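Subject: Structure for you to look at

Hello,

Here is the structure I promised to hand over. Please open it first, then read my notes below with the model beside you.

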Amino acid sequence: MPDEIMTRKRLIDYLPPFMQDFAEIKAIMRTEQPELDRAWVDILIPLADAFIMDCDERSIEKYEFFVGVRPDPGDTLATRKARVLIWWNNFIPYTYRVLVRRLNELCGDGNYEIYGSLKSYELL
């Protein structure tokens, strides 16, 4: 998160140039900037945590608990996110089209074979 704060404009940059030169204004902006940075982090963290691919270690634990997945020792954050996404998107009923789309997402286009009887809803 700190990188995103550093790329934002400073509070004083929002003022007209003639106001930026006053010592009093500079002092006010210097004291208010840390408060604004903290507020910005307070906004960004929950926003990032709302999306599985953007969440941090603490938040992925909540998603894992919600879908009933336990991380393996040594799993990276990316692996944990991928595993949660697979479970999160594991919904029923599947149509054939949805099944093919999901297999393409997970395995890559055409890197799988589907066997079974679609009429009796059996896949091997």
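Start at Tyr63. Leaving out residues up to four places away in sequence, Tyr63 touches Asp49, Ala50, Phe51, Ile52, Cys55, Val84 and Trp88. Keep in mind that this is a predicted model.

**The core**

Which residues make up the largest nonpolar core? There are 7 in all: Ile52, Cys55, Ile60, Tyr63, Val67, Val69 and Val84. Helix H4 gives the most to this core, with 3 residues. As background, nonpolar side chains in soluble globular proteins tend to be buried together.

**Helix H4**

Now look along H4. Its buried residues are Ser59, Ile60, Tyr63, Glu64 and Val67. They lie on the same side of H4, because they cover an arc of only 145° around the axis. Turn to the face of H4 away from its buried side, and you find the exposed residues Lys62 and Phe65. What do the buried residues of H4 pack against? They pack against helix H3 (23-49) and H5.

**Helix H5**

H5 covers residues 77-88, which is 12 residues. From first C-alpha to last it reaches 16 Å, close to the 16 Å expected at 1.5 Å a residue. Its buried residues are Arg80, Lys81 and Val84. These sit on the same side of H5, because their arc around the axis is only 100°. Helix H4 (57-67) is included in what covers them. Val84 also belongs to the core described above.

**Salt bridges**

Side chains of opposite charge can pair when their charged atoms come close. How many salt bridges are there? The count comes to 8.

Take Arg83 as an example. It forms a salt bridge with Asp72, and the closest N and O atoms are 3.6 Å apart. This pair links distant parts of the chain: Arg83 is in helix H5, Asp72 is in the loop between H4 and H5, and they are 11 residues apart. Arg83 is partly exposed, at 22% relative accessible area. Asp72 is partly exposed too, at 44%.

Arg83 also meets Asp75 in a salt bridge, at 2.6 Å from N to O. Asp75 counts as partly exposed, with 22% relative accessibility. Elsewhere, salt bridges that share partners join Glu57, Glu64 and Arg80 into one network.

The side chains of Arg10 and Asp13 meet in a salt bridge, 3.2 Å from N to O. Asp13 is partly exposed, with a relative accessible area of 29%.

**The whole chain**

Now zoom out. The protein has 6 helices and 0 strands. Its radius of gyration is 24 Å, well over the 14 Å that the globule rule gives for 124 residues, so the protein is more spread out than a compact globule. Along its principal axes, the C-alpha trace spans about 80 × 30 × 25 Å. Of the 124 residues, 19% count as buried. Among contacts between residues at least 6 apart in sequence, 23% join residues at least 24 apart.

Best wishes

How values were computed:
Residues numbered from 1 in each chain as written. Predicted model: local features only at pLDDT ≥ 70, side-chain atom pairs only at ≥ 80, totals over all residues. Heavy atoms only, no water. Helix = DSSP H or I, 4+ residues; strand = E, 2+ residues; numbered from the N terminus. Expected span 1.5 Å × (residues − 1). Buried < 20%, exposed > 50% of the residue type's maximum accessible area, 1.4 Å probe, protein only. Arc of directions from axis to C-beta. Contact = heavy atoms within 4.5 Å. Core = buried A, V, L, I, M, F, W, Y, C linked by side-chain atoms within 4.5 Å. Salt bridge = Lys/Arg side-chain N within 4 Å of Asp/Glu carboxyl O. Rg over C-alpha atoms; globule rule 2.2 N^0.38 Å.
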